Number of protein chains: 2
Amino acid sequence: MTKTVKTAQYGCGKMGRYLIRYMMEKGAEVVAAFDNDPSVIGMDIGEYIGGGKTGLLISDSRDAEKILQETQPDVCVIATTSTLEEIRESLEICARNRINAISTCEESLYPWNSSPDLCRELDQLAKEYGVTLTGSGYPDMYWGVLIDTLAGSMHKITKIKGVSSYNVEDYGIALAKGHGAGLSTAEFAKQIGNHNNLGAEEQQKLVTSGEYVPSYMWNQNGWLCERMDLTPISQVQKCVPTTHTEDLYSETLGMTIKAGNPTGMSAIVITETKEGITIETECIGNVYAPGDFDRNDWTFYGEPDTTVNVNRPATVELTCANLVGRIPALIKSEPGYITTDKLPNNVYLSKKLGEYI
Amino acid sequence: MTKTVKTAQYGCGKMGRYLIRYMMEKGAEVVAAFDNDPSVIGMDIGEYIGGGKTGLLISDSRDAEKILQETQPDVCVIATTSTLEEIRESLEICARNRINAISTCEESLYPWNSSPDLCRELDQLAKEYGVTLTGSGYPDMYWGVLIDTLAGSMHKITKIKGVSSYNVEDYGIALAKGHGAGLSTAEFAKQIGNHNNLGAEEQQKLVTSGEYVPSYMWNQNGWLCERMDLTPISQVQKCVPTTHTEDLYSETLGMTIKAGNPTGMSAIVITETKEGITIETECIGNVYAPGDFDRNDWTFYGEPDTTVNVNRPATVELTCANLVGRIPALIKSEPGYITTDKLPNNVYLSKKLGEYI
């Protein structure tokens with residue numbers, strides 16, 4: 001069936017710009033857009049994405065439910081915040097109005113191991129209303145599908161080690177602070193490294209209860225285990241401050257970080273599995289020094305050792321393109337909170353979105 | 001169904017060593033092995049792979065048909081030579097005896113665009129006897145599945161550029177000579193670069209007729225187009241000599257290549273497609289200078305530009321592991337000459353081969 005896919009955009013910030021343009025360029029009809037920022041509410045989405053007027057204005061997020069009811073998109077794309085609890089309401093609104101939803105929210109990629117209760121609730125709700133909820137983005141492909149795919153060419157894997165980095169300057173002050181940028185070493189140890197020495201069970205308990213918000217790699221390791229049919233037996237995270245040898249000015253924080261003080265952090269998540277494969281993933285988020293750039297390096301240890309690098313990946317664009325590529329599978333999927341490890345791999349969309357449904 | 005997969009190994013050279021070990025370590029029962037080299041015929045396969053005796057001896061390839069009839073393996077792995085015509089007989093023997101076959105033969109990965117008539121014949125034969133024939137190896141994953149997979153995260157692709165290199169010293173004198181190593185520049189132009197200036201139609205005609213044996217990238221571009229649902233409208237190859245700034249001794253050739261003379265070649269295949277995507281793949285095979293190493297670099301141009309590298313890939317091991325990973329899909333596939341673009345992606349085999357069937 002060839003049809004025009006109707007979409008809505010929830011969150012018109014940095015990502016929304018790409019998401020709306022990509023969806024339009026792939027032939028989707030964007031029928032609604034929401035944000036809570038007064039400076040974009042009322043703006044034509046065409047102008048918001050840097051083009052000509054379209055006649056569709058960005059609405060206040062408070063009117064989302066009403067407008068979604070009226071416009072009945074096939075899919076709503078949610079690009080607002082990073083935890084499932086924070087996007088819960090928008091997911092619920094979508095589900096209740098029988099609209100599939102997909103989010104850039106980092107936790108939404110695989111919330112089963114960090115917010116299992118909430119994820120189960122949303123799964124129930126989605127099934128009740130016959131819709132699919134999920135999360136995607138850069139990690140979906142570059143920390144997930146890519147790794148699972150290459151694993152298929154290894155004879156033996158004993159360990160998978162991944163390192164990814166990003167500049168916290170690019171994502172606003174909350175994220176920079178959350179990564180410990182600008183703290184003293186002592187403050188970092190107290191505020192961010194305070195769970196480093198807890199065992200796997202204690203950490204999991206704190207994560208599940210919501211008291212400890214782990215890094216995105218916590219979810220990623222869960223995704224990888226599920227996708228690769230591995231059974232995790234323990235998972236721990238350590239947060240280590242990153243530093244620079246010289247003073248470093250952070251525009252986002254509006255301050256200079258002294259040489260040797262935390263510029264951000266490296267979160268290392270180590271998962272041991274019943275099958276004997278260790279997954280060790282490291283997520284480095286800090287204020288970049290001159291010459292730093294985004295990295296995405298993965299090594300398989302075993303036979304043969306194999307390392308793959310993605311050079312200076314354009315994380316934001318890849319997040320948005322990969323998410324848009326998920327739309328056909330999302331529409332065709334069975335109902336529920338279906339994480340992307342359960343969906344077929346994306347294909348390059350050389351035709352309109354509707355031709356893939 | 002859990003069963004023990006029975007396999008045979010046709011060709012006990014450099015690859016066979018890994019293939020047999022990998023199959024055994026994945027729980028397959030190797031029931032036959034063949035070679036035409038008197039120095040390995042009669043050798044216990046356990047000793048051949050560097051372990052203890054197994055009781056199974058390597059047989060003369062001339063007895064292959066009889067032994068295959070008797071042993072009835074599920075799959076025969078053919079690791080002998082590089083063109084479909086050269087492995088034709090072994091494929092036919094397998095098909096006639098209702099044994100699925102998979103080869104490391106480079107052309108066998110996608111012979112539809114280089115030996116279409118022979119491929120159709122084999123396809124018919126395979127269908128007649130209800131078996132599946134195919135080819136796999138390093139290119140299957142690292143020039144194929146990997147590229148198709150990552151393409152799914154791009155918004156727009158205008159061009160895919162791949163560069164892969166290997167040391168001709170590793171593959172015997174025939175291959176080194178075939179790559180022009182040791183020729184003078186004038187001899188190279190006459191013997192290897194002689195089709196460089198022909199148009200796409202003329203080149204295709206020569207390739208189809210068997211007069212011009214193209215590089216592996218000729219087949220690869222065909223595989224990628226088929227897998228990515230792209231329609232090729234023209235395809236040309238240029239062979240350019242590679243050189244080194246100093247004299248370079250080649251052990252395989254037993255000679256010193258003078259500075260500036262061909263050390264091998266770079267074959268560049270350019271495919272234009274109806275969908276506006278250009279696939280430009282470059283295969284560099286030459287006598288390595290000190291410090292050279294295998295490369296596998298691919299760039300997607302479009303939005304966003306993205307480059308992926310595999311660092312110093314272990315081509316031989318990855319060829320064998322990836323091929324063994326294809327065995328379950330091969331057994332489950334419909335009959336015919338089914339190139340791997342039509343098969344599901346490999347998964348990492350954490351269990352025995354038989355558990356995937």
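Q: Quick one on this predicted model. In S3(B), which residue is the bridge partner of B:Asp35?
A: B:Asp60 is the partner.

Q: How many bridges join S2(B) to S3(B), and do the strands run parallel or antiparallel?
A: Two bridges join them, and the strands run parallel. S3 of chain B covers residues 59–60.

Q: And on the S1 side, how many bridges join S1(B) to S2(B)?
A: Five bridges. S1 of chain B is residues 6–10, and this pair runs parallel too.

Q: Through which helix does the chain cross from S1(B) to S2(B)?
A: Through helix H1 of chain B, residues 14–25. That makes a β-α-β crossover.

Q: Right-handed or left-handed crossover?
A: The crossover is right-handed.

Q: Is S2(B) mostly covered or mostly open?
A: Mostly covered. S2 of chain B spans residues 29–35, and six of its seven residues are buried.

Q: Where do side chains point in a regular strand?
A: They alternate between the two faces of the sheet.

Q: Why say the copies meet through the same surface?
A: Because 100% of the interface residues of chain B are also interface residues in chain A.

Q: Which radius of gyration does chain A have, and what would a compact globule have?
A: Chain A has 20 Å. A compact globule with 357 residues would be near 21 Å, so the value agrees. The C-alpha trace spans about 50 × 50 × 35 Å along its principal axes.

Q: What share of chain A counts as buried?
A: 61% of its 357 residues.

Q: What share of contacts comes from residues 24 or more positions apart?
A: In chain A, 72% of the contacts with a separation of 6 or more.

Q: What does UniProt place at residues 10–102 of chain A?
A: An unreviewed UniProt entry gives "domain: Dihydrodipicolinate reductase N-terminal" there. In the model, that span is 40% helix and 18% strand. Its end C-alpha atoms lie 10 Å apart.

Methods:
Residues numbered from 1 in each chain as written. Chains lettered and ligands numbered in written order. Predicted model: local features only at pLDDT ≥ 70, side-chain atom pairs only at ≥ 80, totals over all residues. Heavy atoms only, no water. Contact = heavy atoms within 4.5 Å. Buried < 20%, exposed > 50% of the residue type's maximum accessible area, 1.4 Å probe, protein only. Helix = DSSP H or I, 4+ residues; strand = E, 2+ residues; numbered from the N terminus. Pairing = 2+ DSSP bridges. Right-handed = clockwise from strand over helix to strand, strands pointing away. UniProt positions renumbered as here; feature names shortened; annotations may be inferred. Rg over C-alpha atoms; globule rule 2.2 N^0.38 Å.
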